[in-house]
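Have the viewer open and follow along.

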Amino acid sequence: MWLLQFLLLLLSLIALHAGHAHYTSGDVVYHTLPHFWTGVGFCPAGEINHNGISESLESPAMQLNLRQIAALPIGAITHIRIHWLLELVEFLEYSTDGVPRYDYEKFDKFVDLLQELHLSPVLEFMGNPGHVFTANPERNWFLWEHFVKSIINHQLARHGAARLSSWRFETWNEPDLRSYNRINFTAASYLEYVQAVRRGLSKAGGRRKSKRQQQLYRALRGPAGLFKTEERHPLCWQLLEVCNQQLAKCPIDILTYHRKGHDGTATEILNGSLALLSKVYHDYPQLQELPVANDEADPIAGWSTPRDFQADVRYAATLMSTVMLHWHAKLAGGVMDQLESISHDNAFLSYHPHEFNQRTLLAHFRMNETQPPHSQFVQKPVYAALGMLAKLGTRAADLELVNMDSKHSVQVMRSISGNGVAQYMATIFLSPEQAGPQLTAYHHKYTLNMSIANESAFITELLVPHSTDPVHVWQQAGSPAYPNATLREAMRRAQTPRLYETGPIWQYNSELVVNSASLPLPWVMLLRVCSAAWPKLKRPQQLEIVEVTQREVFISWSEQPRSTQCLKSYEVWFRERAGSDWLQISQGWHLPYPSFQYAPGLNGSVNGFYKVRGVDVFNESSAFSQIVEYLEL
């Protein structure tokens, strides 16, 4: 039996504030941990019609944005929620019976890209191709059912039921807002629409009688509302009233809502959910049986409003705290007992002069001085945070707080996977954003007592202001609109978590020490411990090389399930021609995530052969990926 005990001692270094805070694992209870935070979303720029949405989603900038978002550790992001996605469907004509005919070519092409990137869409039934629904309001009960059924049947024929089982389906986003309610829903027509969508989902695929086919039931999420007062947002509240009266006939299966913070803190996000669900369950008690999801669990409304904290480690810490607090609330029962998921509305494209400080995962630089113009992306700390969260195990303990002073605590979330001798542990430590002066006088000693310590290894990685803040590098260089290749490389060297310590447990007497006096706030630390019996790294899959601009490529690959928990870093190798020596072009880089941007400079070439492998915490290498040749056109 592989035994693991984990002890955290916090020792004051200043006599004036002498004190001790003790943390021990003891008999910790671990609960099954669904990774409920793996959704992102955005609204495409441009006009809301077929041409405008097509132009936005087909743009090279957006396509590279999506490739970067997908290039996180396996499971970091599983779903993407895109407003107006169904505007990619083009209305062709009415049949002689008055039934619309649609062209799915652009929708299919985009769905295929998501499939390639291992991203599942959250398909909002939200759009008005060819103004079909506004031109025929008296027939919407039929037109919506037909539209939904047609879309699903078309995708079932292309992808199969098993693949569509990972998709999510949702009603119209925030239907009470005039900016979204573009087909003029009334109280009656909105209910008619939701019921029609439910019928379309249920009838798609024909009759399903077998037990396996019954398991492919497609749940409908909704109403994706802000749920302000009943007077201001009557449509969403009315749907809850209908469902409460007869839950068995409720068209939605998962209650979705939007609750953001007001002051940029994770606590405000959670408190908003607690207040809303308390009211919902008080007024509509039957709805306590429905799973719930916060589709837009963001620190503050307005993605495009520039805010300094969204540029650096503070946003990363806020997102992590949001996940940890929701986990604690879910375990506590009460109104959050039925929490199914939270999602982050942060997959937008930022724009000048707010490349870093809008609510996005990536800083986007539009390089208009090149021929042709192109886009450069730098991963922000919040992107890295999602990668760290992906390393959590399959079971987790409740959130624990280590008090640092009278008002501030370090949040600790411990997780494990496996049984017997094959075990894995991942723990996230999250400092407060601010604290009294005595906080920086603490150091943290982590003691790992393991029955087979000489057969285990650990790795610690940090997100910390400045050293893992690409925005700091950019600002130090004067915040140029068009950063040159040297500055772009410097920013990318700061975009991943910092490797703090790694090695066999026994070499450190089972103790890891972090002196917080040297770490500015806020910081995040991920500690992973692996037994030697844990599954070894498997070879990277689906190596892809895509052009960024002349002599610059974005390289990404896929990870295999239950294979990379013990990864230390990736290596990217290149040779210019068959028979020449292989060169490790990622030498000196810490690459914990499956991507690398390669720009060899004016005298170099990206033409040649590429391969990738991983190195684990035991310094053992995986097999290389397949070799891929790239030729610049």
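## Ground rules

A residue counts as buried with under 20% relative accessible area, as exposed with over 50%, and as partly exposed in between (1.4 Å probe, protein chains only). The model is predicted, so local features need pLDDT of at least 70 and side-chain atom pairs count only at pLDDT 80 or more, while totals for chains, interfaces and linings use all residues. Residues are numbered from 1 along each chain as its sequence is written, and side-chain values use heavy atoms, with hydrogens and water left out.

## The disulfides

How many disulfides does a search of the whole structure find? There are 2, where a disulfide is a pair of cysteine sulfur atoms within 2.5 Å. With the bonded cysteines numbered in sequence order, the pairing reads 1-2, 3-4.

Cys243 is joined to Cys250, with an S to S distance of 2.1 Å. This link is right-handed, at 65 degrees about the S-S bond, and both Cys243 and Cys250 are buried.

Cys530 and Cys566 are bonded too, with their sulfur atoms 1.9 Å apart; their link is left-handed, at -105 degrees about the S-S bond. This pair connects distant parts of the chain, 36 residues apart: Cys530 sits in strand E24 (residues 524-531), and Cys566 in the loop between strand E26 (552-558) and strand E27 (567-575). Helices (H or I, at least four residues) and strands (E, at least two) are DSSP runs, numbered from the N terminus. Cys530 and Cys566 are both buried.

## Two further cysteines

Is Cys236 buried or exposed? Cys236 is buried, because its relative accessible area is 1%. Cys43 counts as partly exposed because its relative accessibility is 24%.

## The largest pocket

A pocket is an open set of points on a 1 Å grid over the protein atoms alone, with protein on both sides within 12 Å along at least five of seven lines; lining residues have an atom within 4 Å of a point. The largest pocket has a volume of about 970 Å³, the volume being the space filled by probe spheres set on the points, which are joined across faces, edges and corners. Its lining has 41 residues, and the closest to the centre are Arg488, Val548, Thr549, Gln550 and Glu552.

Helix H14 gives the largest share of this lining, 6 residues. Among the other elements that each supply at least two residues are helix H2 (60-70) and strand E25 (541-549).

Methods:
1 Å grid on protein atoms, 1.4 Å probe; cavity = no way out; pocket = protein on both sides within 12 Å on 5 of 7 lines; lining within 4 Å.
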